Amino acid sequence: MSNRSEQESPEHLSAAPTPIAPEQVASEQAPEQAPEQGAVRVPELPWRVPLDPAPWWAWALFVTPFVAVPALNSWLWMGARDMLAVGLLTIIGASVVRVAGGVVLYRVMLTPTGLKARTSMLIRSVSWQDVDRIEVGDDNVVLVRGPDESEINGIPKDRTAYVGAVIQAIRAEAANHPPRRHRPRPGIGTLLVLTYLTLSVGAFLIRWHIV
């Protein structure tokens, strides 16, 4: 009869596995736990937020009143009804310039102290210290300030996440600095609307030798 130890398979005769030190396990797992991406690189400030270009129809609506309304006002005959028509045309044209200017003139700049947005008539500012949180959408970034929201529209969809990350990084850097708040002030849109009004009313007055 053969010995029992001689009948066992080679697998049962293999050496026991070598224990692995906890430090070795930690060193092997460390690269897998490292973040895939580093912190976003903040561009040189002030930085203009990339926005989609204004559509052609916005430019057409913005430019047309500067030509059409003065031409119509200079053509109308002198009379009470004509004065009413001049006033209505001028008011309608000013509204079109203001609304279309909100699309054509829209710009957003990021500075170390806050955000500056140029709308159709004004330049509005938001201090980073007043922003509670930042929400990133498909083509916009929203800055929430208590019950108020400041929305940046028209950002290309492939740049929205980057813009949100840049805003968050600038806001974090400004956390230890005193806030700088600015009131809304007139922008280039105000000057353009005044220029339009001057052309529209002046064309009528000069055509009929009132001035």
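Student: How much space lies in the largest pocket?
Tutor: This is a predicted model, where local features need pLDDT of at least 70, side-chain atom pairs count only at pLDDT 80 or more, and totals for chains, interfaces and linings use all residues. Residues are numbered from 1 along each chain as its sequence is written, and side-chain values use heavy atoms, with hydrogens and water left out. On a 1 Å grid over the protein atoms alone, a pocket is an open set of points with protein on both sides within 12 Å along at least five of seven lines, whereas a cavity is a set where a 1.4 Å probe fits but cannot get out. Points join across faces, edges and corners, and volume is the space filled by probe spheres set on them; for the largest pocket that comes to about 240 Å³.

Student: Which residues lie nearest the centre of the largest pocket?
Tutor: Lining residues have an atom within 4 Å of a point. The largest pocket has 15 of them, and those nearest its centre are Leu51, Asp52, Ala54, Val103 and Tyr106.

Student: Which helix gives the largest share of the lining of the largest pocket?
Tutor: Helices (H or I, at least four residues) and strands (E, at least two) are DSSP runs, numbered from the N terminus. The largest share here is three residues, and they come from helix α5 (residues 80-104).

Student: What gives the most to the lining of the second largest pocket?
Tutor: This pocket has a volume of about 210 Å³. Its lining includes Tyr106, Leu115, Val126 and Ile152. β3, β4 and β7 (148-152) each give two or more residues. With three residues, the top contributor is β7.

Student: How much space lies in the largest cavity?
Tutor: The whole structure has one cavity of 30 Å³ or more. Among its lining residues are Thr111, Lys116, Ser127, Arg180 and His182. β3 (114-118) and β4 (122-127) each give two or more residues to that lining. The space inside is about 40 Å³.

Student: Which peptide bond is cis?
Tutor: Most peptide bonds are trans. Pro46 lies in the loop between α3 (22-33) and β1 (47-48). With omega near 0°, the cis bond runs from Leu45 to Pro46.

Student: How many helices and strands does the chain have?
Tutor: The chain has 211 residues. Its secondary structure comes to seven helices and eight strands.

Terms used:
Buried < 20%, exposed > 50% of the residue type's maximum accessible area, 1.4 Å probe, protein only.
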